[in-house]
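Please work through the exercises below with the model at hand.

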Amino acid sequence: MANKTPITVAHGDGIGPEIMDATLHIIEAAGAQIEPETIEVGEKVYLRGISAGIEPSAWESLRRTRVFLKAPITTPQGGGYKSLNVTTRTTFGLYANVRPCVSYYPFVDTKHPVMDVVIIRENEEDTYTGIEYRQTNDMMESLKLISRPGSEKIIRYAFEYARANNRKKVTCFMKDNIMKITDGLFHKVFDEIAKEYPDIENESWIVDIGSAKLADTPEAFDVVVMPNLYGDILSDVAAQIAGSVGLAGSANIGEQCAMFEAIHGSAPRRAGQNLANPSGLLLAAVMMLVHIDQPEVATRVHNAWLRTMEDGIHTYDIFEEGVSKQKVGTREFAEAVIARLGQEPQTLKAVHYASAPKQETSEQIERQRVVSKKELVGVDVFLDWAEHDTEKLAALLQQANGDGLELKLITNRGARVWPHGLPETFTTDHWRSRFLSKGTINHAQITSLLQRINESGLDFIKIENLYDFDGQPGYSSVSGA
Ligand code: NAD
């Protein structure tokens with residue numbers, strides 16, 4: 001390999017510097033052609049008053065190298081500090097979080113001896129856009145956003161990941177029995193894209209029963225792709241039940257940039273004592289080597305590491321009498337891995353990396369974009385109203401009927417309360433009224449409806465326009481309405 005690939009490296013806090021030194025030492029000994037550029041992130045930067053935890057100059061390195069190997073950092077106690085991970089993820093559009101959760105039985109204790117699951121979590125959308133409101137005295141709102149291009153990118157990535165890593169099945173987790181439009185889209189896109197990969201098995205689970213099955217029988221899963229929130233929770237669950245929290249790495253992949261890190265934190269109490277296990281960061285670096293197109297080096301490092309695990313050479317965190325052979329420190333562990341470069345495991349499954357998963361670019365997605373015919377047919381008007389007499393509210397709202405728009409229903413927290421409501425239904429101060437027309441309307445009709453609602457003395461707090469797309473309602477229906 002002629003040229004060295006520049007990478008940006010942050011040594012982090014706590015055990016960070018030790019595990020980073022060990023990791024770089026191992027991968028360079030394995031022949032990694034890298035040119036590390038060091039940047040400072042974390043506690044010291046936060047305490048200097050930089051709320052993002054990263055110096056502006058460090059961004060230049062990241063923008064240049066587009067590859068970030070990051071050791072864990074300590075977030076100082078107290079508020080006002082922005083998560084460096086969130087900032088990096090959103091700034092660079094790192095849409096895919098990839099977390100292999102593997103058990104290393106019988107060498108590392110685990111409840112699930114046969115587990116080799118990769119969780120692929122969508123990283124930019126869902127309830128994580130941070131768009132939240134207090135709408136009334138009693139009601140808070142968080143927006144859940146799922147887009148078609150966002151779903152296409154992550155789901156295609158999951159299938160490409162499966163193909164590049166010789167995996168057999170991709171499973172989708174979502175909850176489209178409840179969130180028919182948002183999670184429904186995720187599921188639909190999954191089914192569409194799955195058809196393009198006939199060589200890979202596919203299946204879908206509702207996230208509740210799917211998670212129960214994942215926690216109980218992880219050997220039934222291979223690659224699992226899911227929206228952000230479920231993925232946030234289940235990637236931790238999966239790593240925990242594999243018994244490998246201290247051993248797991250993760251990748252955050254974007255079209256332009258990628259970040260690789262261990263999943264554990266900076267373990268400040270263990271810092272500076274040559275105790276920490278560098279395995280999580282090392283396995284993250286293995287993913288990085290595949291990403292920068294050095295798959296042979298990644299294979300050598302990973303197999304030597306598996307062999308070291310098998311030989312019972314363990315740091316304190318996984319050391320167990322009777323199973324482990326030798327308790328070692330961070331540096332000695334690194335030397336043990338280096339001594340095994342070129343070897344393969346004998347009991348555990350050896351790995352073989354060939355190439356990084358292909359990614360769909362925004363341009364490719366844009367080219368395939370299908371635009372539906374969109375017609376405005378009504379409006380949901382949300383109200384702050386502290387009373388409980390639904391008939392009274394309906395009468396006030398009906399005064400605003402006219403100009404083609406007519407009150408069709410009122411719900412409270414999604415439950416229909418008018419017409420034909422039940423007195424047993426609990427109501428808050430947050431109401432939704434739905435006005436529909438017989439045909440297409442324009443925005444001016446909505447503005448004058450709001451004017452009339454305002455004249456009825458009601459406090460409207462937000463509206464959602466109701467559109468049909470290609471003649472199909474683009475809004476959820478209300479049962480019984
Ligand atoms: P932690 O992961 O640092 O530690 C949890 C436990 O695991 C501790 O007992 C620790 O000693 C042990 N441990 C963790 N990694 C280890 C390793 N490589 N080798 C041996 N033992 C290891 O979690 P925490 O204590 O909740 O957090 C400490 C700090 O890390 C906090 O400031 C937190 O904000 C930060 N943190 C950073 C990241 C990150 O940078 N990505 C992630 C999680 C937590």
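The model is predicted, so local features need pLDDT of at least 70 and side-chain atom pairs count only at pLDDT 80 or more, while totals for chains, interfaces and linings use all residues. Residues are numbered from 1 along each chain as its sequence is written, and side-chain values use heavy atoms, with hydrogens and water left out.

**Exercise 1. The chain**

Describe the extent, secondary structure and burial of the chain.

Step 1. Along its principal axes, the C-alpha trace spans about 80 × 55 × 45 Å.

Step 2. The chain has 14 helices and 20 strands; helices (H or I, at least four residues) and strands (E, at least two) are DSSP runs, numbered from the N terminus.

Step 3. Of its 481 residues, 53% count as buried. Buried means under 20% relative accessible area, exposed over 50%, and partly exposed in between (1.4 Å probe, protein chains only).

Step 4. The chain exposes about 22,100 Å², of which carbon and sulfur atoms supply 50%. Such areas come from the Shrake-Rupley method with a 1.4 Å probe; for residues, only the protein chains shown count as cover.

**Exercise 2. The ligand**

Identify the residues that come nearest to the ligand and the polar atoms that face the ligand.

Step 1. There are 18 residues around the ligand, and Ile 73, Gly 265, Ala 267, Asn 277 and Tyr 316 come nearest. A residue is near if one of its heavy atoms lies within 4 Å.

Step 2. By class, this shell has 7 nonpolar, 7 polar and 4 charged residues. Ala, Val, Leu, Ile, Met, Phe, Trp, Tyr, Cys and Pro count as nonpolar, Asp, Glu, Lys and Arg as charged, and the others, Gly among them, as polar.

Step 3. A nitrogen atom of the ligand is 2.8 Å from an N or O atom in the side chain of Tyr 316. Polar side-chain atoms lie 3.3 Å from a ligand oxygen atom in the case of Lys 70 and 3.4 Å from a ligand oxygen atom in the case of Arg 270.

Step 4. Taken alone, the ligand exposes 810 Å², and the protein buries 63% of that.

**Exercise 3. Two residues**

Is Tyr 128 buried or partly exposed, and is Thr 299 buried or exposed?

Step 1. Tyr 128 is found in the loop between strand 5 (116-122) and strand 6 (132-134). Tyr 128 counts as partly exposed because its relative accessible area is 31%.

Step 2. Not counting residues up to four places away in sequence, Tyr 128 touches Arg 121, Asn 228, Leu 229 and Asp 232.

Step 3. Thr 299 has its place in helix 10. Thr 299 counts as buried because its relative accessibility is 10%.

Step 4. A polar atom of the Thr 299 side chain lies 3.0 Å from the backbone nitrogen of Tyr 353. Beyond four places in sequence, Thr 299 touches Val 351, His 352 and Tyr 353.

Key: Polar contact = N/O pair within 3.5 Å; in protein donor to acceptor, adjacent residues only side chain to side chain. Contact = heavy atoms within 4.5 Å.
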